[in-house]
Every structure is written in structure tokens, then in C-alpha cells.
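Hi,

Here is the structure I said I would pass on.

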Amino acid sequence: MESDLRKAKAQPAFHPLKCGRGIFRTLAGESFSCLSFFFAGITAGCRMFMDKDLTNDELKAQITKNKMVSVDAAALNAAASAPQTITMTDGPLIPKKGEKHVLSSWRITFIGAIILLAGLIIFKPDPYRQIFIVCIQGAPVTFQVTVCAIIGAVIIGTFTGLGSVSSHRWINMISGIYVELIRGIPLLVQLIFIYYALGRFLHLEGMVAAIIALSICFGAYMGEIVRAGIQAIPKGQTEAATALGMSKTQTFIYVILPQTVKVVLPAIGNEFISMLKDSSLVSQLALADILRKGREYISRTFLSLETMLIVALIYLILTLVLSRLVGLLEERLHKK
Amino acid sequence: MAKIEIKDLCKDFSVEGIKTVHAVRHASLTVNDGEVVVIIGPSGSGKSTLLRSVNKLEEPTSGSIFIDDVEVTSPSADLRKIREEVGMVFQSFNLFPHLSVLDNITLAPRKVLKMDKKEADELGMQLLKRVGLEEKAKNKPGQLSGGQQQRVAIARALAMKPKAMLFDEPTSALDPEMIKEVLDVMMDLAKEGMTMLLVTHEMGFARAAADKIVFMDSGEIIETGTPEKIFTSPESERTKSFLNHIL
């Protein structure tokens, strides 16, 4: 929740003026604005629906409490009531089988997005076909950044999570400070700062620097997930392993870690979806991702709203597909 | 086999940093080689804390513990070595849910004793046979009943070839019809001459298997004696009233 707010604040920062101009232009000349506003309405409606379901079904316990419950507290609450999952309130909703309502809202959004995108490309090839072709060229960069950064974030997060459950005071302190630092600075600011810092001191190439920067930013949140995951494993497991003569490291590797992985996987999947969306921030760092391609196209053609509509649709379809995949993964884990 | 000596052991817990609870007060106890000693007493009397101090799952506040004349409580003690040699069975089984029954048993021998997989599997199957669960080797602990899980937990502890075994209320989390199968396994162990220190509420087992019974109340050892003496002519009034309540 907290990070959503943070991202919501950070994202509009880079196209307010151009967008404004685009709106007037389109309103004056083209009929498509109606369609896009209509679609925006549907999307917003669906999202609201989903949010409502989330609060009703999954966060019953938290409704009565403060709504701004932090990530870790939410995770621990969930862990207490249903030991094998951590429910994250961050990122899009992962639909589950049996929750018909949520599933249908996912379907409406997904089918709506596909139909709109296909319709625009087929029936209005000028300019949408061209826009789509240009923007989708950014998809490999978006994927590359997302996948590499999520791996980086999991590695950093594992160490941070371990650090924050460590009994060693200084290690504990260091990971605590790291988490506080990252949580307190807007993602976009961190990203640009780390990017320039890496460039100046280590002379790293753009893509690598961006991946490292995103990994560091997301590592803190991942650390919180890992910490909650480790703490969700009953103390008896450690005791049993200790009583068998296993060292702390052995206990962690063979007993705690495999169980933690299962508990945190859905949450990591959710983080992955968030990462895909936030990877659009690297367009600020001159990386040719989907958003960057779109903005370059705008600067050539001044078709702001049309381009952003396609960019938004591409991101939406990607996140919806991913959220379904994460949902399936979670289901399989529960079955086992 | 081994001899366990507990000398003048104290354990204080501090509750929220204000109140101090004396869980164990000046307890002294000896378990001789091959002996079965049962600790009984009302809940909250420090039985489990005393037991868990033996392999240092609890850090005693003061006092000392010796296993075969090796001081467990000394700061330089090799705790891993001591824990290898002292098996422990918990009230809540604490099997590893992500591993199969066989892997639960072989994990520690493979990783701690560096046994190779084949040898460890053979040992595991042998132990499963002993507790009557060979056919469950490939199952996950979650698919077993409580009694079966506890038998696996005993097999897991035995896989380290311990010199002594600690049982922390091994039957308290079980449904009544499953208690017997676990007690039978424990009885066999006792007959084989395993040194055992256990906390239990099963008075029938205590009477039949114990060489010595220790009665604890509010952290203190009130009375120690043979089952015969404790159950028929206890010295202390507190022992008498406890036994009257439960028998």
C-alpha cells in the first residue's frame, strides 16, 4: 500500500505538460478520445471493483484496523491466520479460482484490453499500427530489465531479510537502515541517483546501472517479504534442527529456506508485477523500453494521447497475464 | 550410553523486562547410564524448561549440566557435538513438512555426520521398520496421523545414534487412541537400555518404565524416588495432592 502511494506520486511526474497538450489536440480533432475516455472509465471501474474485493475477502482482519497497515504487519497477520501464505496488499490483485467475482473482473479487463488494442490496430491502422510496432520494440528491454532486476532484488532481499532477523546487532542495524532509507525516498529519485552514482564511480553501462538501481530499490521491499516469510516458519523447526546437531547455516539452508520459498513465492510474484510496471521509470534513464519508445514516437509525431493509450494497453495486458500466471503458480503451490 | 547430571540449575525469564519469573529454582538431578527418569508435575512447573536446558535449547541462568562428565553449560562446550549425542522429541513433533518421511530421518545423518545417501537411506528404512512405518517412507509428514508423525520424530532422533534421549511431553498433542503406539516405541527404547529423561503426563507409562520419578512444582524439585514410592507413599503433601488430582 505504502509503496503504491509512493509510485502513484512518482509516476505522473514525467508527462504532465505534453499530455495536457495532447488532450486538447485530440479533443479538437479526433473522435477517438471518446473511446479512450470510455475505456479509462471501464478500467477505473474494474480496478475499484477489484480493490473492494480485496478488502472484503482477503483483508477482513485489517478492515477494522488502520488501513495504512504496513507490508510486514499485513504479512504477519496473514501468516497467523493461514500459515502457508503471505498476503501482500501491494500491486495488482492475484485472482484465485473459486472467487468468481474477481475472476470475472479480471476477464472483463483482459478481454476489454485485448479487443480495444486489436480493434485499434485493425480498424484504425493509421496511426495505431505504427505506434504499436514502435512501442512493442521496447518490450525486450522492459522484460530484460524486469527479469534481471527481480533476480537482483531477490538476492539483495534474501540478505536483507536475513539481516533483519539476525541476532547480530550491527548486521540487524545495517539492514534496518537500508530498508528505512529506501522506503523514505521516492523510487524515481533513488533510481536516477543510483544510476548517476554508478555511472560516475564505476563507469557502468546504462542497462546494467539501471538493473542494479532497480534491484537496490526493490531489494528493500523484498527484504521485508523475506523477513516476514522467515518469521512465518514455526520456531519448532529451528529447534528440531538445532537439537539434531545441525549448525545455524545448515538449519537455514535445509530447513528454513525451502519452507520460506514456498511462503514468499506468491508475494515475489506480486513484486514481479510491480517491477514490470515500475520498470517504466527506466525510460527516464535513456533506456529504450516500451514507455521510452512511446515518448520518442510522441516527440516525432506529437500523437501524445494515442501513443500513451497504446503504451498503457501494452502494460495492462502484460500485467494482467502475469497476475494470472502468478495466481496459477500459487494455486499449484497450495495443492502440493 | 550416557549419564546426565544437573547441578543446582536455575532459569529465570524476564517478562516484558519488568517481572522476573523463576521457571527453575536450584534443581539438581542425576540420570545414570541406562536409566529412565520421568519428570512429572503441574503445568508451568518448569519441567520442560529443565529438560530443554540439557541440550541448551534454553540457556540456564546459573548452575551446571554434565553429560558424561562433559560440561554442557561451560562457554567453551561444543554444543553441536553434545546435541548430536542427545536426541530430542518434541510435543509438537516438529517434523520438516517439506521433506518426505525418509528425508526427515536422513537429513541430519547426511549433513551432520556426513553419511552418504545410500547408507543414510538404509539406516532410515531400518529405523522406520523399527517404529512400524516402512510403508510411509515416501509420504510427506502432513499425510500422517499424529501418532505416526511422533514415531517418525523418534526415528529421526534415533538416526543420530544418540547416547541419551529427551522427550518433551511426547504424547500431549496426540488423540487418545494414538498415545499407545508412541508409548510402545518408547517402552521398547527403555527396555533396550537407552538413557532417557522425559516429561510426561502418562502416569501409567511412568509407573511401568521409569527407574526414577521426579516431582516438580513451581520450578522446584519437590521429591525424587522410585515409581513405587512416589505413587504409593509420597513424602510431600504437594506430591500427594497432585497425584490425587490426576489419578
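**Notes on chains A and B**

A286(A) sits in the loop between α13 and α14 (290-301) of chain A. I start with this residue for its backbone: A286(A) has a positive phi of about 65° although it is not a glycine. Keep in mind throughout that this is a predicted model.

Another backbone detail in chain A is a cis peptide bond, which joins D126(A) and P127(A) with an omega of about 10°. To find it, go to helix α7 (residues 125-136) of chain A, where P127(A) is found.

**Helix pairs in chain A**

Two packed helices are described by the angle between their axes and the distance between the axes. Here is how that works out for helix α8 (residues 139-165) and helix α11 (residues 206-231) of chain A: their axes come within 4 Å and cross at roughly 45°. α8(A) and α11(A) are therefore oblique to each other, and their crossing is right-handed. Sorted by class, the contact of α8(A) with α11(A) has 18 nonpolar residues, eleven polar ones and one charged.

Now move along chain A to helix α12 (residues 235-243) and helix α13 (residues 248-278), whose axes come within 10 Å and cross at roughly 160°. That angle makes α12(A) roughly antiparallel to α13(A), because the cut-off for that label is anything over 145 degrees. The crossing of α12(A) and α13(A) is right-handed. On the α12(A) side, the residues in contact are Q237(A), T238(A), A241(A) and T242(A), and they meet T251(A), V255(A), I256(A) and Q259(A) in α13(A). The contact of α12(A) with α13(A) holds three nonpolar and five polar residues, with no charged ones.

**A helix pair in chain B**

In chain B, take helix α3 (residues 101-111) and helix α4 (residues 117-130). Their axes come within 9 Å and cross at roughly 125°, which makes α3(B) oblique to α4(B). The crossing of α3(B) and α4(B) is right-handed. From α3(B), the residues V101(B), L102(B), I105(B), T106(B), P109(B) and R110(B) take part; among their counterparts in α4(B) are K117(B), A120(B), D121(B) and L123(B). The residues of this contact between α3(B) and α4(B) divide into nine nonpolar, two polar and three charged.

**The sheets of chain B**

Strands of a sheet pair through backbone hydrogen bonds, either parallel or antiparallel. One open sheet in chain B has four strands in the order β2-β1-β4-β5, with antiparallel pairing. At its edges stand β2 (19-31) and β5 (70-71) of chain B, each with a single partner strand, so one side of each is left without a neighbour in the sheet. Strand β4 (residues 62-67) of chain B pairs with β5(B) over two bridges, in the antiparallel sense. I67(B) has V70(B) in β5(B) as its bridge partner. Helix α1 (residues 47-54) of chain B lies across β1 (4-15), β2 and β4 of chain B, and runs at about 120° to β1(B).

Another open sheet has six strands, in the order β6-β7-β8-β3-β9-β10 (chain B), and its pairing is mixed. Which strands stand at the edges of this one? They are β6 (86-89) and β10 of chain B; each has a single partner strand, so one side of each is left without a neighbour in the sheet.

Strand β9 (residues 212-217) and strand β10 (residues 220-225) of chain B pair in the antiparallel sense over five bridges. Among the bridge partners, V214(B) goes with T224(B) in β10(B), and D217(B) with E220(B). The hairpin of β9(B) and β10(B) has two residues between the strands, and there S218(B) takes a positive phi near 40°.

Cheers

Note on methods:
Residues are numbered from 1 along each chain as its sequence is written. Chains are lettered from A and ligands numbered from 1 in the order in which they are written. This is a predicted model: local features need pLDDT of at least 70, side-chain atom pairs count only at pLDDT 80 or more; totals for chains, interfaces and linings use all residues. Side-chain values use heavy atoms; hydrogens and water are left out. Axes are lines fitted to C-alpha atoms, for helices over the stretch in contact, and angles run from 0 to 180 degrees between N-to-C directions. Angles under 35 degrees count as roughly parallel, over 145 as roughly antiparallel, 65 to 115 as roughly perpendicular and the rest as oblique. A crossing is left-handed if the near helix is turned anticlockwise from the far one by less than a right angle, and right-handed if clockwise. Contact means heavy atoms within 4.5 Å. Ala, Val, Leu, Ile, Met, Phe, Trp, Tyr, Cys and Pro count as nonpolar, Asp, Glu, Lys and Arg as charged, and the others, Gly among them, as polar. Two strands pair if DSSP finds at least two bridges between them.
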